[in-house]
Amino acid sequence: MSCINGDGIPEVRIPNAMSVQNRVMPETEAGSSNVSAPELKNFVNGEFVSSERLFDDINPADGTVIARVAEAGPEVVDAAVQVARRAVKGEWASWGVRQRAAMLYKIAAGIEARFDEFVRAESADTGKPIALAARLDVPRGAANFRVFADIIKTAPLEAFETETPDGKHALNYALRKPIGVVGIITPWNLPLLLLTWKVAPALACGNAVVVKPSEETPATATLLAEVMRDVSVPRGVFNLVHGFGEGSAGEHLVSHPGVNAVTFTGESRTGAAIMKACAPGVKPVSFELGGKNPAIIFADCDRDETVQQMSDAIFLNTGQVCLCAERVYVERSIYSWFVETMKQKAESLNVGWPSDKATNLGPLISATHREKVLSYFRAARELGATIVTGGDVPQFGDARDNGFYVQPTILTGLPESSCCVKEEIFGPVCHIAPFDSEEEAIAMANDTEYGLAASIWTNDLKRAHRVARQMNVGITWVNCWFLRDLRTPFGGVGLSGIGREGGLHSLNFYSELNNICIRL
Ligand code: NAD
Ligand code: 6OH
């Protein structure tokens with residue numbers, strides 16, 4: 001069975017697919033909607049603006065409506081782009097690097113001043129444990145602004161002394177200029193982290209931005225807009241439009257002729273659609289896309305440490321991290337031990353209310369996404385996989401049964417060609433397979449159209465270097481996973497993305513480098 005469509009980009013066909021639960025509807029037809037829920041508005045030219053069309057923001061832990069979101073139509077998106085165009089030429093253009101960096105520090109402090117609010121909003125929108133939002137998402141949101149403030153202040157530029165044919169010299173030096181208006185489209189899994197990862201360097205370089213967060217997770221982007229207003233970011237520099245992708249705010253934004261560049265994190269298929277929309281304007285794009293990431297575990301690894309960290313690599317954020325390991329290759333001599341120990345680990349995880357401090361895993365993001373993940377569990381069964389643990393929906397006997405939970409799941413025994421091993425599932429699930437030689441492990445790890453991240457677990461230093469350089473990915477971790485230094489290049493190969501962000505790589509995307517050549 002294959003779920004890969006003709007263009008090589010995975011498309012999951014969901015039997016009896018549910019329509020998107022919080023799809024937009026006119027306010028008067030809002031059926032199950034909680035009309036008393038707060039409204040999340042667009043932010044244009046320093047002001048919050050509503051819209052005629054509202055859609056529901058759902059809490060994935062129990063399916064309740066937590067907010068109503070104003071969908072930006074073409075006119076709101078156009079207004080946001082127009083004010084951003086004015087802003088890049090206005091007061092903001094006269095700000096030097098130090099002034100912009102100072103503003104980024106203020107934004108970081110503004111997030112931290114409302115830390116608990118951000119944490120609660122991120123957890124309610126995504127269903128992730130409150131402890132995870134407090135440990136990962138919100139601190140990284142603030143750190144993204146601080147790090148890029150530091151980097152822009154010290155960013156080097158190239159200079160060359162050039163010998164001319166007549167034996168004289170010329171001086172070449174590069175200048176960094178803003179690219180203009182940047183359209184930023186982000187997904188729902190790490191909403192604040194991934195949005196600020198792009199907003200911070202874009203502002204550091206002097207651009208204006210129009211951001212469109214995922215329709216599933218609009219809350220922390222809206223709080224960020226409040227922070228931008230409160231720390232007096234000049235009007236029009238940061239604009240926020242809410243809505244969906246195709247035929248909605250996302251498509252309006254990326255196809256708007258006034259947008260100079262588009263940066264996107266999300267699914268590979270969406271990346272392909274956005275690239276098409278950007279083609280007529282020949283807009284530069286930066287894409288951080290999906291992954292089907294391998295982990296290679298050698299018998300000489302530090303076993304306890306490896307199991308501990310692999311549990312995160314497979315299950316963190318309910319497996320909804322683009323970097324999660326969905327394919328685990330284990331040296332045969334420790335294969336049975338690893339499968340059994342991972343099973344115990346998975347079964348020890350607390351699946352529960354996001355607000356409960358003891359919870360390790362919350363729900364998946366939506367009913368639609370859960371149906372996608374369950375369709376892979378069904379496919380695994382039909383293909384004769386061993387379901388080592390999980391494979392189902394947990395029953396709680398309370399309101400969580402209206403949420404979108406699945407059990408942490410481990411599969412074995414599938415052929416490498418099966419859809420569960422080839423396609424990104426994006427849930428708390430992995431397939432574990434044994435290998436007999438280093439060469440075999442490398443070949444299996446690289447047998448994918450994706451190429452985002454790999455992890456290697458060994459105490460043999462030479463092997464670690466040897467295997468790492470053969471991984472066909474953007475990022476390889478050795479004896480760790482998701483350990484980030486924000487100055488390093490981050491991105492993927494193949495279906496996993498275009499370009500690199502991080503440190504100077506981000507600055508190079510968010511600015512136009514001008515070369516000036518002076519004959520001396
Ligand atoms: P998605 O592609 O469905 O949506 C992402 C964003 O794109 C949303 O804001 C959505 O509204 C918007 N969008 C959808 N269609 C659009 C269109 N035609 N034009 C403009 N905008 C459009 O992704 P998702 O389901 O929100 O996120 C999960 C995916 O993101 C996974 O594939 C995951 O691997 C990937 N991801 C990758 C990285 C990375 O760094 N490589 C990080 C996080 C998530
Ligand atoms: C994907 O889900 C995680 C992406 C992480 C980053 O982009 C980052 O900067 O850590």
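Let's start with ligand 1. It has 29 residues around it, and T186, E215, T270, L289 and E424 come nearest. Keep in mind that this is a predicted model.

Now the polar contacts of ligand 1. T270 uses its side chain: a polar atom there lies 2.6 Å from an oxygen atom of the ligand. T186 uses its backbone, with a polar atom 2.8 Å from an oxygen atom of ligand 1. How much of ligand 1 does the protein cover? On its own, ligand 1 has 850 Å² of accessible area, and the protein covers 92% of that.

Which elements build this shell? Helix 7, residues 249-254, strand 12, residues 261-265, and helix 8, residues 268-278, each give two or more residues. By class, the shell around ligand 1 holds 13 nonpolar, nine polar and seven charged residues.

On to ligand 2. Here 13 residues form the surroundings. The closest are R140, N189, L194, C322 and R484. In R140, a side-chain N or O atom is 2.8 Å from an oxygen atom of ligand 2. In R484, the corresponding distance is 2.7 Å, again from a side-chain N or O atom to a ligand oxygen. C322 contributes through its backbone: an N or O atom there lies 2.7 Å from an oxygen atom of ligand 2. Taken alone, ligand 2 exposes 310 Å², and the protein buries 99% of it.

Where does ligand 2 sit? In the largest cavity. Helix 5, residues 191-204, gives the largest share of the shell, three residues. The shell of ligand 2 divides into nine nonpolar, one polar and three charged residues.

Last stop: the second largest pocket. Its volume is about 320 Å³. The lining counts 13 residues. Nearest the centre of this pocket are L136, L316, W481, F482 and L483. Which helix gives the most to the lining? Helix 4 does, with four residues. Helix 4 spans 130-154, and helix 9 spans 303-315; each supplies at least two lining residues. The classes in this lining are eight nonpolar, one polar and four charged.

To recap. The protein covers 92% of the accessible area of ligand 1. It buries 99% of the area of ligand 2, which sits in the largest cavity. And the second largest pocket draws four lining residues from helix 4.

How values were computed. Residues are numbered from 1 along each chain as its sequence is written. Chains are lettered from A and ligands numbered from 1 in the order in which they are written. This is a predicted model: local features need pLDDT of at least 70, side-chain atom pairs count only at pLDDT 80 or more; totals for chains, interfaces and linings use all residues. Side-chain values use heavy atoms; hydrogens and water are left out. A residue is near a molecule or strand if one of its heavy atoms lies within 4 Å of it. A polar contact is a pair of N or O atoms within 3.5 Å; within protein, one must be able to donate a hydrogen and the other to accept it, and residues adjacent in sequence count only if both atoms are side-chain atoms. Accessible areas come from the Shrake-Rupley method with a 1.4 Å probe; for residues, only the protein chains shown count as cover. On a 1 Å grid over the protein atoms alone, a cavity is a set of points where a 1.4 Å probe fits but cannot get out, and a pocket is an open set with protein on both sides within 12 Å along at least five of seven lines; lining residues have an atom within 4 Å of a point. A molecule sits in a cavity or pocket if more than half of its atoms lie within 2 Å of its grid points. Ala, Val, Leu, Ile, Met, Phe, Trp, Tyr, Cys and Pro count as nonpolar, Asp, Glu, Lys and Arg as charged, and the others, Gly among them, as polar. Grid points are joined across faces, edges and corners, and a volume is the space filled by probe spheres set on the points.
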